[in-house]
Amino acid sequence: MRNNSDYVNVRPARTADIPSLSNLLTDLFAIESDFNPDIEKQGSGLSMLLNDPSGGSLVLVASVDGNVIGMATVQTLVSTAEGGRVGLVEDVIVAREFRGRGIGAMLLDRIDEWSRAQKLALLQLLADVENRPALDFYSSRGWSSTRLICMRKMF
């Protein structure tokens, strides 16, 4: 078996990647019960992240032979608790047939590098409480749970 670094390319996303990324988000939102796939909404959100003039966001893709097989996003927020900027990691997904090969770890490693370069105080993310494989993956990568719960209000 080939080493992941020999065939997986992790790079910043481009506008041309949006359809492939939207398809990955459809798979992700099928796992996460709080979200519903909507290609138009996902495309709009991705476009906003990719065209963020502040430079405070990053969309990464993992590709094999030019085909997008994974993604992760991070965007910055200001935390009063931390007294500075922090990162919100979202949309970490690897195509089912490529899972378990270290690709998600590669994406998170690149997010870590970017976050350190941005001098972020910490990273945070939300994960579905019933998605045990994802929770175990994040835990194995040094993430820890908090006592906070996520609440939202829709408009």
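Q: Which residues of H2 are buried, and what makes a residue buried or exposed?
A: In helix H2, the buried residues are Ile 18, Leu 21, Ser 22, Leu 24, Leu 25, Leu 28 and Phe 29. Buried means under 20% relative accessible area, exposed means over 50%, and partly exposed lies in between, with a 1.4 Å probe and protein chains only. The model is predicted: local features need pLDDT of at least 70, side-chain atom pairs count only at pLDDT 80 or more, and totals for chains, interfaces and linings use all residues. Residues are numbered from 1 along each chain as its sequence is written, and side-chain values use heavy atoms, with hydrogens and water left out.

Q: How do you know on which side of H2 these buried residues lie?
A: The buried residues of H2 listed above cover an arc of only 160° around the axis, which puts them on the same side of H2. The arc is that of the directions from the helix axis to the C-beta atoms. An α-helix has 3.6 residues a turn, so residues three or four places apart point the same way. On the face turned away from the buried side, H2 carries the exposed residues Pro 19 and Ala 30.

Q: Why does the span of H2 agree with its number of residues?
A: The expected span of a helix is 1.5 Å times one less than its number of residues. For the 14 residues of H2 (residues 18-31) that should be 20 Å, and the end C-alpha atoms are 20 Å apart, so the two agree. Helices (H or I, at least four residues) and strands (E, at least two) are DSSP runs, numbered from the N terminus.

Q: What covers the buried residues of H2?
A: The cover includes helix H3 (39-50), strand S2 (57-64), strand S3 (67-79) and strand S4 (84-94). Contact here means heavy atoms within 4.5 Å.

Q: Why is Ser 22 called buried, and what does it contact?
A: Ser 22, in helix H2, has a relative accessible area of 2%, which is under the cut-off, so it is buried. Leaving aside neighbours within four places in sequence, Ser 22 is in contact with Ile 39, Gln 42, Gly 43 and Leu 46.

Q: Why does Leu 28 count as buried, and which residues does it touch?
A: Leu 28 is also found in helix H2, and its 6% relative accessibility makes it buried. Not counting residues up to four places away in sequence, Leu 28 touches Asp 91, Val 92 and Ile 93. Leu 28 and Val 94 are 66 residues apart in sequence and 8.8 Å apart in space, C-alpha to C-alpha.

Q: Which residues of H3 are buried, and what puts them on the same side?
A: Gln 42, Gly 43, Leu 46 and Leu 49 are the buried residues of H3. They cover an arc of only 125° around the axis, and therefore lie on the same side of H3. On the other side, Glu 40, Lys 41 and Met 48 are exposed. The buried residues of H3 pack against H2, S2 and S3.

Q: What makes Tyr 138 and Trp 143 an edge-to-face pair?
A: Rings of Phe, Tyr and Trp (its six-membered ring) pair if their centres lie within 6.5 Å; planes under 30 degrees apart count as stacked, over 60 as edge-to-face and the rest as tilted. By this rule there are three aromatic pairs. The rings of Tyr 138 and Trp 143 are 6.1 Å apart, centre to centre, with 65° between the planes, and form an edge-to-face pair. Tyr 138 is buried at 11% relative accessibility, and Trp 143 is buried at 19%. Ring pairs link Phe 137, Tyr 138 and Trp 143 into a cluster.

Q: Why is the charge of Arg 152 said to sit over the ring of Phe 35?
A: The rule asks for NZ of Lys or CZ of Arg within 6 Å of the ring centre and within 35 degrees of the ring normal. The charged end of Arg 152 sits over the ring of Phe 35, 5.6 Å from its centre.

Q: Why is Asp 65 called exposed, and where is it found?
A: Asp 65 has a relative accessible area of 70%, so it is exposed. Asp 65 is found in the loop between S2 and S3, and its phi is near 50°, a positive value in a residue other than glycine.

Q: How do you know that the radius of gyration agrees with a compact globule?
A: The radius is taken over C-alpha atoms, and the globule rule is 2.2 Å times the number of residues to the power 0.38. With 155 residues the rule gives a value near 15 Å; the chain has 15 Å, so it agrees.
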